[in-house]
Amino acid sequence: MIKYFLLLLLSISAFAVTIPDPFPDESVKYATMPNGLRVVVKENHAAPIVAVSVVVSAGSGISDSKGIPHYLEHLSFQGTQKYPVPLSAQYLIEEKGGYCTGTTNRDSTRFEGVITADKIDLMLSVLSQVTLHPILSDEAFERERPTILAEIQRYYDDPEVNLLNSAYYFAYRNHPYCNPTTGTIQNVLMLKGEEIRDFHKRWYKPGNMSLVVVGDVKTETVLDAAEKYFTTNEKSFIPAPIIKVQPQDCKQISSVLPTDTEVWQAIALPTSAANDFSGCSTADILITMLTTGNNALVYKWLKDTNITVISTGGEYITSNYAGRIIIWIHTAKKDADTAKKILLAGLLALSQNITEEMLAKAKLKVKAEYLMNNETFARQAATLAIYQAMDTGQYTLSDYIQQIDAVTSRQVGNLASVQPVAIIAKGGGR
Amino acid sequence: MRYLTLLILCLLTLCAYSENLTLTNGVRVITRRMAIAPIASIEILIDYSAMDEPAMQSGLREAVMVTMLKNINNLPDIADIGGNINVELKEDCLEFAAKVPANQIDSAIFLLHKIITNPDLNDNIILQVLNELAARKFQQPDDSMNIAYRMSENEIFANHPYYPMSESKFKFNRLTPDNIRLAYQQYIIPSNCIIAAAGDIDNASAGKTATMLFSDWKGGNKIQRDVRQVQLLTESDVQLVEMPVNSTAVMMAFPGPGLKHPDSLTMQVINHLLSSGTGGRIFKSIREKQRLAYDAATLYAPYADGAMFTAYTITDRSLMERVKNALVEELSLLQTKEATQAELNRAKEMLIGEYSISHQSSSQYAFDLAWNKLCDKPDNYDEMLPGLIRKITPADIIKVSRRWFTRYTLSIVLPQIQAEN
């Protein structure tokens, strides 16, 4: 009897489910140090672990960056004033059972790590050294170049990375966002150590950085440590000038050879910048409807027409200037043209046919994914750091769920019917 | 007075609840609370190994699993409660997992219970599954690294049921609905079932839900398995292929101990000694000292009764020979020179840290709990593990290296010349 009661509960609960917010308002504390460093702490004492992220609001989207932010991220670990031996700072963390690493994206560069809570002082010491006091010698610069070239070369083998790089290139024409975050091989071959040092001097200032700590720690401990390790005599920071993304027509590019048997295609739709929270929430709902889960519309549209679908997917990167939704489909070559037509027609039809039930399900899915993607301390720290590095205007992370709830089917429909800015096709397969 | 007695009884029941219990029908239930985020994961492993498949019926396990999954069409969609289900055919077992917001854990257990214990095994459904599986197309690996990995598996697991689990060797059209029904009756049984729940859960409550749902499930006795260990190679060999790729992959592979083998933990430390983080020998030698590649690492992911240990790099064609020599040198050195205490401690602490950090993910934690149980580890294995790892000595490293790093298969995938142009 109880079993059937459970089934009943499950079947009626679909639209009554409350998805918990991973960042409820009261859980996150914000402070700003006198030198402009923003400090964010989310205490959670469920496990004796801390995750720390130091984010610098300078990524590959800085004008003429040419791969410098990514190169600098590598070099930062190749010796600092306190830990001069290459990689010794990371080694110290590893000896204590933790890890630390770096990530470059378009709007920011993050240096982050996870360690047992009793070693937080060491982690903060290491991350302050890596961000504020790297040596950046010419010798280290030259030594690192082959490694970075090998990293870029490796990406050329991944058709999805290739497709997305092309999609960004044509979706952000005449804007620094068009470049891959690593820079190109040509960029890296041309770079000089001086350019890296200049970039560091210009952008790696406490006023352009945030320190985020999540886990088994007291807020006061973090504030004390921030003062101990991140105090500098820097003057006030001058932010980067805004480079607007200009409106653009749709560019269609195809590079499919007669010998190819499969085709990867991407469609890029223009969306809002990060400071338009409502627009970003709308984009999150649309990309979820189109590409997430068993009932993803793009997959369904193609399958219903008997197309040989190898895979489908999408990504939506919110950015400081203007976002792009990228939807990609991977099909047999013979089906590629039909698949593209079905996708474009599907988007147009969707703009008129979003029911309240579809919208409610998509919202639930977006909120659930948001929760699931922020399960660990490391993920929570990364999310908080990414938000710190973005210009989200008057909104904070705790407004997100409310914004999702407020999106209407008309908003999602309008976005689905927007003119793409790029349609890319790339061949491959054997 | 009556209410007081009832209250005391309830309290006693709660206090008596164990985080590890075995139901009378043999189902094992493990629950662990770890409230990092309001999320809960359920992991159900069915101890039905590739070694249980008769030689002429390879693919049988997958057909059983997919048939069971068809039942999902008759159930509420887990996405409607904000969760997801993940079902996977593994070398040693069938995996049914769900991840949900913590307040939906009972619903998740209920859904998995329905999928596992109450599938529709009528002819129409089974024939539909067999046709779908037979018509399935497999995507070939695109990058040099995955091609090399596939080549290595082919050699290390030659003629072993662990490989390949999917693809062309399967002859689904040889299978009949009766085969599927019989396999279900023989292997999808309570005594083969391990349930683990982890995350922001109440241990007693999750355990009770699992008990309530699974205690009525009936099934036959466990069938004894003819375990086949993965064998050492009889001789070393080199395989070299040219493919339309951009990077060169060099991969050295050895058979390795399975998780049930006493050498397994030492092998995990060796893996960290060689490659984890920035202090690993292969990373230091190939990437930092010689600058031969960006990726230089080892991989050891043991199955229950065997494994493949690989050391690999992705590099440029012109550096292939140097990379190969560097890999051989590092693996030889391991057998002749004792690791220093400092580097061994780094490897051990990283392994311990990695394990505990990964358990912030409720799904990983639940999987490890169930998987350790399936591999006959003690109930408190996750608590014992740091102590066991710290006991490993430099002499153990030499001994285990000598036992396993003898003959190898070297797989090299080169870009075709025209692809370079």
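Guide: Helices (H or I, at least four residues) and strands (E, at least two) are DSSP runs, numbered from the N terminus. This is a predicted model, where local features need pLDDT of at least 70, side-chain atom pairs count only at pLDDT 80 or more, and totals for chains, interfaces and linings use all residues. Residues are numbered from 1 along each chain as its sequence is written, and chains are lettered from A and ligands numbered from 1 in the order in which they are written.

Visitor: How many helices and strands does chain A have?
Guide: Chain A has 16 helices and eleven strands. Its radius of gyration (over C-alpha atoms) is 23 Å, close to the 22 Å from the globule rule for 430 residues, so chain A is as compact as a globular protein of that length. That rule is 2.2 Å times the number of residues to the power 0.38.

Visitor: What does the C-alpha trace of chain A span along its principal axes?
Guide: About 60 × 60 × 40 Å.

Visitor: New topic. Where is A:Ser319 found?
Guide: A:Ser319 sits in the loop between β9 (309-317) and β10 (324-332) of chain A.

Visitor: Is A:Ser319 buried or exposed?
Guide: Buried, because 23 other C-beta atoms lie within 10 Å. The cut-offs: 20 or more other C-beta atoms within 10 Å is buried, 12 or fewer is exposed, in between is partly exposed, with C-beta atoms placed from the backbone. Of the 430 residues of chain A, 51% count as buried.

Visitor: Which residues does A:Ser319 touch?
Guide: Not counting residues up to four places away in sequence, among them are A:Gly61, A:Arg106 and A:Tyr177. Contact means C-beta atoms, placed from the backbone, within 7 Å.

Visitor: And helix packing? At what angle do α3 and α4 of chain A pack?
Guide: α3 (residues 88-95) and α4 (residues 120-132) of chain A pack at about 165 degrees, with axes 10 Å apart. Axes are lines fitted to C-alpha atoms, for helices over the stretch in contact, and angles run from 0 to 180 degrees between N-to-C directions. That makes α3(A) roughly antiparallel to α4(A). Angles over 145 degrees count as roughly antiparallel, under 35 as roughly parallel, 65 to 115 as roughly perpendicular and the rest as oblique.

Visitor: Which residues make the contact?
Guide: From α3(A), A:Ala89, A:Leu92 and A:Ile93. From α4(A), the residues include A:Leu122 and A:Val126.

Visitor: Last one. How many residues of chain B are in contact with chain A?
Guide: 50 residues of chain B, in contact with 53 residues of chain A. α11(B) gives the most to that side of chain B, with seven residues.

Note on methods:
Contact = placed C-beta atoms within 7 Å.
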